[in-house]
Amino acid sequence: MTLRKTARTGAVGLAATAMVAAAFAVPAPASSDAAHTTVGHGATQRAMDAEVEGGIPGITAQVRDSGGVWTSTSGVGDLTTGAPRGKNDRFRIGSITKTFVATVLLQMEAEGRLGLDDTVECHLPGLVRGNGNDGRRITVRQLLHHTSGLYDYLADEDYLDTYMRGEGFLRHRYDTLPPWKQVKAALSHQPLFTPGAELSYSNTNYVLAALIIEKAGGRTYEAEVRDRIIEPLGLRNTSNPGNSVHLPRPSSRSYAKLFASDPERVDDVTAMNGSQGWADGDIISTTGDLNRFYSSLLRGELLPPEQLKAMKTTTPAPGRPNVSYGLGLTRFRTSCGPAVWGHGGGMVGSSSLAVTTEDGLHQLAYNRNGDWSAGPADRIMEAEYCPTPAPSG
């Protein structure tokens, strides 16, 4: 298998789009649980503070390890009032949603409802056709693994200009977008490669994966996620938004740089229709719930051994030597050696990461309420798992 590195446009993917950071205001004082900040997570706090100093409005984070639970914030949750980020904020998790989708499909495979090597055509007859796209040649496994070759609808320029950028986003942020809209945008392009030949991250894959969940289960994708993951794990702050435009409280405001021609401009994008992410990025959650989810997943509480092994069978991600991708699950190799498992997620106004060690005993989840870059994308993760002493003096 060869690998393809494709351009990622917009504020969605494994990391937020890199843009020039702007200074917003003097950040609010950091809020943290002092016992662990001083002893075990000082480097993590400093990394969070550095991103706020670099222009991110605010960050909320939680760590669970042998020392207990550490929660912390830095910066503001509201640029207008100066209110600080909240430790229990709910936020749009973006592509972290993909791990939930993959988990449901793998549970269905374990139950015999479908097979990973079933074709897309088997479950969604006639849907994936045209411009060289052929659902008869693409498998469920290839959707989850991003090896289908299907074009990413979030790389379609017309879609981006209409729903993700500038005045287009501001005009259409409350529109309800059915999944076929996103699939249609993707299928207006030829496939990037023969299915199975390469790896290229495509949000289209997970829209189709959720449609297969609905066909195989006879219920909505949202109902399957709720009954199979959210309720059994007691994720009380996790939900699918459907067509709602609101973030449940407690939550902070979300901010985006929508105009490439005006990199200093920041827009409040908190309200937007949840259907615009759907199964490739719609779920709303908290750092605590995400830590519980990934710990349970990696400890084998959600999948039988065979399915968890399949999920953890990875291929290197193009252009990212320390990252490899499985079935809705990413393996990140840290600079000091240990690998962690999880997923990153970007949405307009939000950038998040949730990871855990393979034994499920050391988790980190955090969210930025700005969707641009303020330094290395993995700075906070590196600080938590490979901490360095505070500068002297």
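1. A disulfide here is a pair of cysteine sulfur atoms within 2.5 Å. Searching the whole structure turns up one disulfide. Cysteine 336 and cysteine 386 form it, with their sulfur atoms 1.9 Å apart, and the link of cysteine 336 and cysteine 386 is left-handed, at -75° about the S-S bond. Cysteine 336 sits in the loop between β12 (330-333) and β13 (339-347) and cysteine 386 in the segment after α13 (379-385), so the pair ties together parts that are 50 residues apart in sequence. Helices (H or I, at least four residues) and strands (E, at least two) are DSSP runs, numbered from the N terminus.

2. A word on where this comes from: the model is predicted, local features need pLDDT of at least 70, side-chain atom pairs count only at pLDDT 80 or more, and totals for chains, interfaces and linings use all residues. Residues are numbered from 1 along each chain as its sequence is written, and side-chain values use heavy atoms, leaving out hydrogens and water.

3. Cysteine 336 is partly exposed at 44%, while cysteine 386 counts as buried at 14%. Cysteine 122 is exposed, with a relative accessible area of 52%.

4. Now the chain overall. Its secondary structure comes to 13 helices and 15 strands, and buried residues make up 58% of the 393 residues. Taking contact as heavy atoms within 4.5 Å, residues 24 or more positions apart account for 71% of the contacts with a separation of 6 or more.

5. Next, the cores. A nonpolar core is a set of buried Ala, Val, Leu, Ile, Met, Phe, Trp, Tyr and Cys residues joined through side-chain atoms within 4.5 Å. The largest one has 74 residues, and those with the most contacts inside it are Phe100, Phe293, Leu297 and Met311. Helix α9 (residues 204-217) supplies the largest share of this core, eight residues. Apart from it lies another core, of 24 residues, including Ala43, Ile56, Trp70 and Tyr385. As for phenylalanine 293, its contacts include Thr99, Phe100, Ile229 and Leu302, not counting residues up to four places away in sequence.

6. Helix α3 (residues 97-110) packs on α9 at an angle of about 35°, with the axes 10 Å apart. Axes are lines fitted to C-alpha atoms, for helices over the stretch in contact, and angles run from 0 to 180 degrees between N-to-C directions. Among the residues making the contact are Val101, Leu105 and Met108 of α3 and Tyr206, Ile213 and Gly217 of α9.

7. A few backbone spots to look at. The peptide bond from arginine 249 to proline 250 is cis, with omega near 0°, and proline 250 is in the loop between α10 (221-233) and β7 (255-256). Histidine 146 has a positive phi of about 60° although it is not a glycine; histidine 146 lies in the loop between α5 (140-145) and α6 (157-163) and is buried, at 1%. Tryptophan 278 also has a positive phi, of about 35°, lies in the loop between β8 (267-268) and β9 (284-285), and counts as buried at 8%.

8. Last, alanine 317. It belongs to strand β10 (residues 315-317) and is buried, with a relative accessible area of 12%. Alanine 317 touches Val323 and Ser324, leaving aside residues up to four places away in sequence.

Key. Buried means under 20% relative accessible area, exposed over 50%, partly exposed in between (1.4 Å probe, protein chains only).
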